[in-house]
Amino acid sequence: MSEKKEPSVWQGFKAFLMRGNVVDLAVAVVIGAAFTNIVNSVVKGLINPLVGAIGTQNLDSYSTCIKEPCTLNADGTVRSGVQIMWGSVLGATLSFVITAAVVYFLMVLPMAKYLARVEARRKAKEGTHEVIEVTELEVLKEIRDALIAQRGNGHNQR
């Protein structure tokens with residue numbers, strides 16, 4: 001009786017780590033963390049001052065009191081009342097939109113255009129190859145027909 005040896009947990013873990021997807025994911029996480037710093041700098045350096053031209057530069061200070069009286073502690077936590085901090089939600093939304101726009105316009109769109117060009121070149125190359133194959137096929141058919149015609153003429157002469 002031969003027993004099949006199942007792979008060990010360590011071997012399975014090693015195979016998992018060696019997959020390309022895991023390495024790609026790790027690179028994406030590291031780049032994403034670095035990219036977060038860039039987006040935060042854009043929000044603090046550009047968006048907040050633009051909003052500050054209208055109101056305040058700190059979006060976190062925008063809020064609405066829905067149950068009076070609203071009082072805050074020195075650290076910004078609510079002491080009494082119910083306060084909706086919609087400014088921080090607005091700031092997070094702006095960060096997300098900026099991140100999505102930068103990723104799309106600087107990474108996704110150029111890569112999609114590049115891949116479309118590569119695919120178009122591949123299809124053009126395949127199209128040329130097919131035309132050559134069709135032409136060769138036509139030539140071979142003509143040779144076949146000529147050989148059949150010769151055979152027919154030679155067969156009748158005997």
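Start by selecting Val-39 and showing its neighbours: leaving out residues up to four places away in sequence, Val-39 touches Ser-95, Ile-98 and Thr-99 (contact means heavy atoms within 4.5 Å). You are looking at a predicted model, where local features need pLDDT of at least 70, side-chain atom pairs count only at pLDDT 80 or more, and totals for chains, interfaces and linings use all residues. Residues are numbered from 1 along each chain as its sequence is written, and side-chain values use heavy atoms, with hydrogens and water left out.

Helices (H or I, at least four residues) are DSSP runs, numbered from the N terminus.

Then look for the salt bridges, of which there are 2 (a side-chain nitrogen of Lys or Arg within 4 Å of a carboxyl oxygen of Asp or Glu). Select Arg-122 and Glu-119, whose closest N and O atoms are 2.3 Å apart. Both sit in helix α3 (residues 86–157), 3 residues apart, so about one helical turn separates them. Arg-122 is partly exposed at 38% relative accessibility, and Glu-119 is partly exposed at 30%.

Finish at Arg-144 and Asp-145, whose side chains meet in a salt bridge at 3.1 Å, N to O. Arg-144 is partly exposed at 46%, and Asp-145 is partly exposed at 40%.

Note on methods
Helices (H or I, at least four residues) and strands (E, at least two) are DSSP runs, numbered from the N terminus. Buried means under 20% relative accessible area, exposed over 50%, partly exposed in between (1.4 Å probe, protein chains only).
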